[in-house]
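Hello,

Here is the structure I said I would pass on. Please open it beside this email and follow along; my notes come after it.

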Amino acid sequence: MSPRDEFQVLLRRIGRWWAVDIPTLDLHTQCRTLEGAEDLARGMVAEAVGVPAEVIVLKMVVPELAPVLGPVAEARQRRAAAVAAEDEAITAAVHKLVDKLHVSQGDAARLLGMPTSEVAHFTPERGSVATGPGQGARPRTSGPAPSPPRPAVAVPASGSRPGLPRRQRQASSSARPAWATSDDGTTGRD
């Protein structure tokens, strides 16, 4: 067995219990919680195949809950794609503003409605060769997913200076359950 082998674990509710089945190894048990199901399945597979539990890769599948969890997984995929598109657009804008038009990072941040420290994540490091938008830019630190950007507010001609909106960040989704829907419509844990 290689450390990348994946074992599918089928879960189904039986009253307040979870039935845990690992069909490829003909293993069966039950437990009260999903956390317990994963721990039990990992231990059973490790013992059956004779490898350490930490190298076991499990795909937890709950077919009966796919209709409930599938739309959540799809929405998360769409959000990840939107975040990637936003990062690409910001990288291109920062490159154009800072490198081509020689706008300061502080002013670029105000124009984009985001903190100056975040703009720095989209600029190429000194000494790197950037050939296009997004190339040579520093990788973003993993953090909270962005909320939809608010449009920048133009400074009125009357001389008053309302602040431009700052880009707000939502709470990190890292605490969300990792149960998702697979390509075949079943729900599993990657």
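A residue is called buried when its relative accessible area is under 20%, and exposed when that area is over 50%. Keep in mind that this is a predicted model.

Start with Met60, which sits in strand S4, residues 57–61. Its relative accessibility is 0%, so Met60 counts as buried. Asp21 is 39 residues away from Met60 in sequence, yet the C-alpha atoms of the two are 9.9 Å apart in space.

Next, helix H1, which covers residues 34–49. H1 has 16 residues, and at 1.5 Å a residue the helix should span 22 Å. Several residues of H1 are buried: Gly36, Ala37, Glu38, Ala41, Arg42, Met44, Val45 and Ala46. After H1 comes Gly50, with a positive phi near 75°.

Then the nonpolar cores. The largest one has 18 residues, and those with the most contacts inside it are Val9, Leu11, Val20, Ile22, Ile56 and Leu58. Two or more residues of this core come from each of strand S1 (6–14), strand S2 (17–22), strand S3 (27–31), H1 and S4. Which element gives the most to this core? That is H1, with five residues. There is also a second, separate core of nine residues, and among them are Ile90, Val94, Leu97 and Val119.

Regards

How values were computed
Residues numbered from 1 in each chain as written. Predicted model: local features only at pLDDT ≥ 70, side-chain atom pairs only at ≥ 80, totals over all residues. Heavy atoms only, no water. Helix = DSSP H or I, 4+ residues; strand = E, 2+ residues; numbered from the N terminus. Buried < 20%, exposed > 50% of the residue type's maximum accessible area, 1.4 Å probe, protein only. Expected span 1.5 Å × (residues − 1). Core = buried A, V, L, I, M, F, W, Y, C linked by side-chain atoms within 4.5 Å.
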